[in-house]
Amino acid sequence: KELLSARRSCTTCPYCGVGCGVKVNKEERVNPTAIRVNGDPQHPSNFGHLCVKGSTLGETLGEHGRLLRPRLHGEECDWETAMSFVANAFARNIDEYGPDSVAFYLSGQLLTEDYYVANKLMKGFIGSANIDTNSRLCMSSAVAGYKRAFGADAVPCCYEDLEHADLIVLIGSNAAWTHPILFQRMQAGGAKLVVIDPRASATSEVADLHLAITPGSDAALFNGLLNFLAQHNQIDRHYIQQHTQGFETALASAQHWSLQQTALNCGVSVEKLQAFFWLFAKTKKTISFYSQGINQSSSGTDKNNAIINCHLATGRIGKAGAGPFSITGQPNAMGGREVGGLANILAAHMEFNMDAIDRIGRFWRAPKVALTPGLKAVDLFRAVESGQIKAIWIMATNPAVSMPDADRITAALRKCPLVIVSDCVAETDTARCADVLLPATGWGEKNGTVTNSERRISRQRPFLAPPGEARHDWQAICDLARRLGFTEQFDYSHPVDIFREHAQLSGFENSGSRAFDISLLGQIQREEYDDLQPVQWPVNNRNPNGSARLFRDGKFFTESGRANFVPINPRAPEQKISNAYPLWLNSGRMRDQWHTMTRTGRSRKLLDHSEIAEIQINPRDAHKYEIKEGNLIEVRSAHGRMYGRAVLTEAQKPGELFAPIHWSETLAQEAKVSALTGTAVDPFSGQPEFKQVPVKLQLL
Ligand code: SF4
């Protein structure tokens, strides 16, 4: 009866960070495979529109391929057996080797409520901060960039701004494929589009200007822009004086980036660069829209700040149609940020300092809050490899495919004494390394909240009963917590109990110094939670209906209340091309696939777009290597190799290749691009350098 109530027909798409509202066809729910979904016309992020992935969600439902029962060392067992094994092993390791000998690795696919309890258990009760997430691979440089500039991880813009803008600069983003509903909104708004991306894409095809820059040269380009704006008196001196600090130092770092020097460094013509600089200078309502092309770099944080510097210098922030807008990849990367899913932050956006540690300890009544940040993803798996971490619980993600140097990750997991994997899918590369497999609920069964790229919290509502013995992730984590002796603090009977606590913590001793604040939802009851309408944080007494845009008053979350300019000295990619590896390999999403295809791979319609791993190559390079369209080719780096079919295209510049991220060993042998990526990371965020990988290739 509950599953069929009318309000439950509205939920949120589980794929990308756009976070579209969907409506599930109620009459057909009895048979999951016949379920159809449509866009929710009332949802303010997408107003009824869906891309092809969202509109085929119904095809991906059903029990086929699902993990239905727990397994221990390959044998099916009941939850009691599996969880008592896990709890005993955790307790033993913590006793013998200390709390840092265990770890959680989470996912932007989890709901906020799942994320919250995992973080609470690890950081407040086990006493370690060894809890990180696949969001580290996606947007942690954006987090670090915002924090350096604004004093908080606070996205200033909203989707409406895309319609208000007169100019949208897309940097390292193929939004037409990766965030299609936002791209539609940009086009509907009629803004001029400038694309900054080494490769031509479906997005650059319709842009007014495409700057096909040298891989990794984004920071130089925005330093050049800052210098140009200052030289041509196109900066907002009043805004700089009233609301920022550090402008002169940042400008000094940018001053040797003349137009000619910048053009040379970025590999574009002076004329094109000048056209972009003047367009930026003369268009007040400008949005910079960026995602993985900026973040997945060994200098991703600097690139973020180079962009933000230009917005601060022109006062283009906190106003309709203007701002530096980082877009997340996953549906709940933002929710993870809110609850401390990253190893270097505490819950509710609190930092690791004595005040926050004390505050959280009192709020949770926690026995031992972690005192220092934990290991970020790359280091976390290095610690698994070295034996320092002896038990790791991986939830809703597939690091054996998605982490850089992926074959090394697989080897590390194989030799780890205890690997626990909870997933809704039975067969993944990571599941093959598991000692314990726990069946988790999936989209349509899960019940909770997610936060999208514009800080909008939406409900994911269940409309199907969990299959087999699948359980919600928060239930499994609370089970472990209780078995470790923390019964009272993990006694939740419904996700609303968790959400309420999460909302209360956001307002606890928060006098306005912390950006994330949803304290007005801190007394939410079950009925209200079920009916919760999408809302953008902060949601507090000052903003009872949520907040579309931040920093309207020019006040920031730094101690002085001013935004920081960050001086930028552009750095080349840490991985270098050489005679041995003379080509750059870039990677990213295909239009119709999601992550490692565990879900989208089940839809025939989606597979039709691109059924095999295709490696894009410029015809001149193809000629040099005697490669023809459709040939099977091998791409090798210093770390590994992959195979794929050659696609000859002028979209790639000579010397640069592109491969999709979606293929795993489960789908095809040695078609996994992450096997080639090295482990160079950004020094501030720990985000790996996925986008610039030196490789060589040969025809097979
Ligand atoms: Fe889902 Fe993203 Fe497509 Fe919206 S744009 S329907 S959230 S995949």
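Predicted model: local features only at pLDDT ≥ 70, side-chain atom pairs only at ≥ 80, totals over all residues.
**Exercise 1. The ligand shell**

Determine which residues are closest to the ligand and which helices supply at least two residues of the shell.

Solution. 
Step 1. The ligand is surrounded by 13 residues, and the closest are C13, C16, C20, C51 and G54.
Step 2. At least two shell residues come from helix 1 (52-55), and at least two from helix 7 (180-189).
Step 3. The class count for the shell is nine nonpolar, three polar and one charged.

**Exercise 2. Helix 3 and helix 22**

Classify the packing of helix 3 (residues 112-126) with helix 22 (residues 495-507).

Solution. 
Step 1. Two packed helices are described by the angle between their axes and the distance between the axes.
Step 2. Here the axes come within 9 Å and cross at roughly 65 degrees.
Step 3. Angles of 65 to 115 degrees count as roughly perpendicular, so helix 3 and helix 22 are roughly perpendicular to each other.
Step 4. The crossing of helix 3 with helix 22 is left-handed.
Step 5. Helix 3 contributes T112, E113, Y116 and V117, which meet P495, I498, F499 and H502 of helix 22.
Step 6. This contact has five nonpolar, two polar and one charged residues.

**Exercise 3. Helix 9 and helix 11**

Work out how helix 9 (residues 218-231) is oriented to helix 11 (residues 247-254), and list the residues of the contact.

Solution. 
Step 1. The packing angle is about 110 degrees, and the axes are 8 Å apart.
Step 2. That angle makes helix 9 roughly perpendicular to helix 11.
Step 3. Helix 9 passes helix 11 with left-handed geometry.
Step 4. On helix 9 the contact residues are N223, L226, N227 and A230; on helix 11 they are A250, L251, S253 and A254.
Step 5. Five of the contact residues are nonpolar, three are polar and no charged residue takes part.

**Exercise 4. Helix 18 and helix 20**

Classify the packing of helix 18 with helix 20 (residues 406-415).

Solution. 
Step 1. Helix 18 and helix 20 have axes 8 Å apart and an angle of about 45 degrees.
Step 2. The two helices are therefore oblique to each other.
Step 3. Their crossing is left-handed.
Step 4. F381, V384 and E385 of helix 18 make the contact with I409, A412 and L413 of helix 20.
Step 5. The contact has five nonpolar residues, no polar residues and one charged residue.

**Exercise 5. Backbone geometry in a loop**

Locate P538 and F551, and describe the backbone geometry at each.

Solution. 
Step 1. Most residues other than glycine have a negative phi, and most peptide bonds are trans.
Step 2. P538 is in the loop between strand 19 (535-536) and strand 20 (563-564), and F551 lies in the loop between strand 19 and strand 20.
Step 3. The W537 to P538 peptide bond is cis, with omega near 0 degrees.
Step 4. F551, a residue other than glycine, has a positive phi near 65 degrees.

Note on methods
Residues numbered from 1 in each chain as written. Near = placed C-beta within 6 Å. Helix = DSSP H or I, 4+ residues; strand = E, 2+ residues; numbered from the N terminus. Nonpolar A, V, L, I, M, F, W, Y, C, P; charged D, E, K, R; others polar. Axes fitted to C-alpha atoms, helices over the stretch in contact; angles between N-to-C directions. Parallel < 35°, antiparallel > 145°, perpendicular 65-115°, else oblique. Left-handed = near helix turned anticlockwise from the far one by under 90°. Contact = placed C-beta atoms within 7 Å.
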